[in-house]
Amino acid sequence: MNNIFDPRDAGYYIAPQGLYERNKARPFLGSINCYRRELIAGEWTEISLVYEVGASGLADGAWLKLAFKFYSDWALFQTTDPTGANFVSAEYQAGDLVPGQSAATVQHLKVRFDQKGHERPFQKAIIVDIIDGYLNPGDRIILRLGDRRQGGKGTRIQTFVERDFRFRLFIDPLGSSKFAEVPGDVLLNIEPGLPSTLQIIAPRLVTDQEPFDVLVRIDDAWGNTCRNHPLLVLLTLHSPQGTIHFAQDTMLAADGWAIARIKGLSLDIIGEWALSARVEAPFVRAAQTFVTVDPVKGALRPLYADLHVHSDDTVGTNDTLYNLSYGRDVAGLDVLGYTANDFNITESRWEKAVELINQLNEPDRFVCYPGTEWCGNSCAGGDRNVIFLRDEKPQFPFDNQGRMVRSFEWNEFTAGTIKPGTWPVDELYAAYANDPDGHLMMPHVGGRRCNLDWHHPELERLVEVSSAWGQFHWVYAEALQRGYRVGAAANSDEHQGRCGGGVPATAVFGSRGGLTGVLAESFDRAGVGRALRARHTFATTGERTFASLSQGNHLMGDVFSADLELPLEYRLLGDAGWEQVELYDGERLIWSRDLHQELGFAEGKIRLRLGGARIKDRYRGAYWNSEIRIIGAVIQGFRAYGFDHPEQTVWRKNATTLALRTETSGDIDSLEIDLSSLAGAEIQVYTRIDSYIKVGDPREPQSYVHAPEAAFTLSGDTLLAQSRFVRELPGAELKISLERLPASDLPRELTGQIDLAALGLESGREHPLFLSARQRDQARIWTSALFLNV
């Protein structure tokens, strides 16, 4: 059978002359085109897309959706102020008519923007409604993103690089709300910007004579590694005595990522070495990092892992090879865990990804694991990552009994209703409980945060305390408080192609990706897997820092009977200076060390700190619009720390007032201020806290309902007397602090002992003791717990 008719069979009838032939030659659903192909990450520009109506036409009441993926951080569009930034408009242009054809009757195109206007992954949507009339085939609709015709700034495009970024157009030709995809996506290549910052990646702790690699790269202002920039970098290594050990020129790669790897470096003098890099290029910041050499021979240096990385197999950016190669060659990771959203990946893509992972896995250089992200709603247990630790074929998407091991199966290629698979998390436990040593399961906080009402003690050995979604001290402390024997992990949950402690974007991923430090006995899948399951880990907010907590021969993660006569021992290695160390027993703070107080306060140095999140669930970011006014003292200088990208910023509003705009998702941002004197001064702090704008006009702030504003006034004399003022706010560790700062530099290395007997721990039960520490730049670190029976 066919559906081909010949109009000549109709006999005599009346119709516009030649219209049938012309419309039959058109694509039925039309076509969309863009005059641009290349864009620079984070640039401000105007982009026009032209939709030519197809043979279907568009009925009165029809609508269109220009959709793009939800994890893109393209600036939110607005439709209310044509003179403002990110204004989006739609313009109708009539096509040519043939003899006898009536003109289209459409009178108006109404434009709106909805962050959840379509289906995942193409959720963000510019929506155009056809008002009071219809459109003919051949008519055009011009969409201007960042319309500048009335003086607007344009639109700030996505800040991270992507090959073949896609705009996809869906139309509802009949006005029935049944959408069809217009064939031929608009594809854009988003490229890195100009070089801005050098980065040096090296292990923070090595043993003497242990060879290691140093990686140097150059990034743009948004943290994208530049490409095709063969710049000459001067790399200098200073010994612990401060003498220059070597100074050598290194050329960044001319093709591809602008990186250079110095292989097989080894150091024989015990102590802290300093590596610095600079380039003779304008506006490029130099870099410095530190490597501490220990005398212990035969031990393996701490390895740095990112166990939660996505690719475009599901909801990530760029393909799997790109992401894994970036982790190895640009981020300098030792260990990487690829995680596919379990409901989203096709079986063929999964098989190809596992094959690639096995090819890239290389003992003593780069350990790579396949894994999945079980995407259950919080009411069913919440997100859990499953990492397959063994070399054999993972039991996914089916187990060895042929049962589907997915939360459910749905992607853009499937149709029909959503059918549950392995659901709730109880069934996920049942799928892998027969081989706990071959699996690592990690509850984590992302979009669907983990629900700790569920826990499997043999499978779940680590909890993710930090990721690009934010910092979650509370989830780790809660797990331990419930009596769960879990260790600390931090990963990127990277959707934007920059794993390994990556740079945050500006949307729901509001924090820097983290790293998991691993104390393994061998640098291969088996050795790293044993260390992960033994909880011999620490978690950082993306830095190559180091932390350990032990008692005698027992490492963090161990379960043992404590000797009250032996102290706890800790060690911290950082780069920006440690300012605070805290020891927790589950959720309870039981010991702390304040380096500011130990070093002594400066007379005129203060700091405003903003931190925490509004809520524990998705869209948790607290958007701070703040001012600090100083009366009776002169502001001599100021510096921001913890600000993650160019749109988080601070400026001098006038002679007495500093203003700042930033966002925290559990992390902490700070503003340091140098004053002529605190004595006799008055400090006024005001902040408005807004929510993530999911629905509505992005130009209209949406206040955080539980704490829309906060303000206080404090005299300089009061701050001199008490050193710190803290305003706790309703939310997830949401708070404002005003505090004094020391005059001296903070230590990069911190060691000490804690008298266990003096802590007064309750006898007859197990105590999960872990350290959390913070540096001056607000970077944090957590150790896995010592599980002490007292």
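Me: N86: buried or exposed?

Reply: Burial is read from relative accessible area: under 20% is buried, over 50% exposed, in between partly exposed (1.4 Å probe, protein chains only). N86 has 9%, so N86 is buried. This is a predicted model, in which local features need pLDDT of at least 70, side-chain atom pairs count only at pLDDT 80 or more, and totals for chains, interfaces and linings use all residues. Residues are numbered from 1 along each chain as its sequence is written, and side-chain values use heavy atoms, with hydrogens and water left out.

Me: What is the phi of N86?

Reply: Most residues other than glycine have a negative phi, and most peptide bonds are trans. N86 has a positive phi, near 65 degrees. N86 sits in the loop between strands β5 (63-68) and β6 (88-93). Strands (E, at least two residues) and helices (H or I, at least four) are DSSP runs, numbered from the N terminus. N228 also has a positive phi, about 60 degrees, and is not a glycine. The loop between β16 (212-219) and β17 (232-238) holds N228. With a relative accessible area of 45%, N228 is partly exposed.

Me: Where is the peptide bond from R120 to P121, cis or trans?

Reply: Look at omega. The R120 to P121 bond is cis, with omega near 5 degrees. P121 is in the loop between β7 (108-114) and β8 (124-131). The F396 to P397 bond is cis too, with omega near 0 degrees. P397 lies in the loop between β25 (384-388) and α4 (425-432).

Me: At what angle do α2 and α3 cross?

Reply: Two packed helices are described by the angle between their axes and the distance between the axes. Here α2 (residues 320-330) and α3 (residues 347-360) cross at roughly 25 degrees, with axes coming within 10 Å. That makes α2 roughly parallel to α3 (angles under 35 degrees). T320, L321, L324 and R328 of α2 make the contact (heavy atoms within 4.5 Å) with A353, L356, I357 and L360 of α3.

Me: Which residues does V581 touch?

Reply: Leave out residues up to four places away in sequence, and V581 touches L572, W591, S592, R593, L750, L771, S772 and A773. V581 belongs to strand β36 (residues 578-585). Its relative accessibility is 0%, so V581 counts as buried. The C-alpha atoms of V581 and D594 are 6.8 Å apart, although 13 residues separate the two along the chain.

Me: How many of the 790 residues count as buried?

Reply: The share is 60%. The protein has 8 helices and 51 strands. Its C-alpha atoms fill a box of roughly 105 × 70 × 55 Å along the principal axes. Of the contacts with a separation of 6 or more, 72% come from residues 24 or more positions apart.

Technical notes:
Axes fitted to C-alpha atoms, helices over the stretch in contact; angles between N-to-C directions. Parallel < 35°, antiparallel > 145°, perpendicular 65-115°, else oblique.
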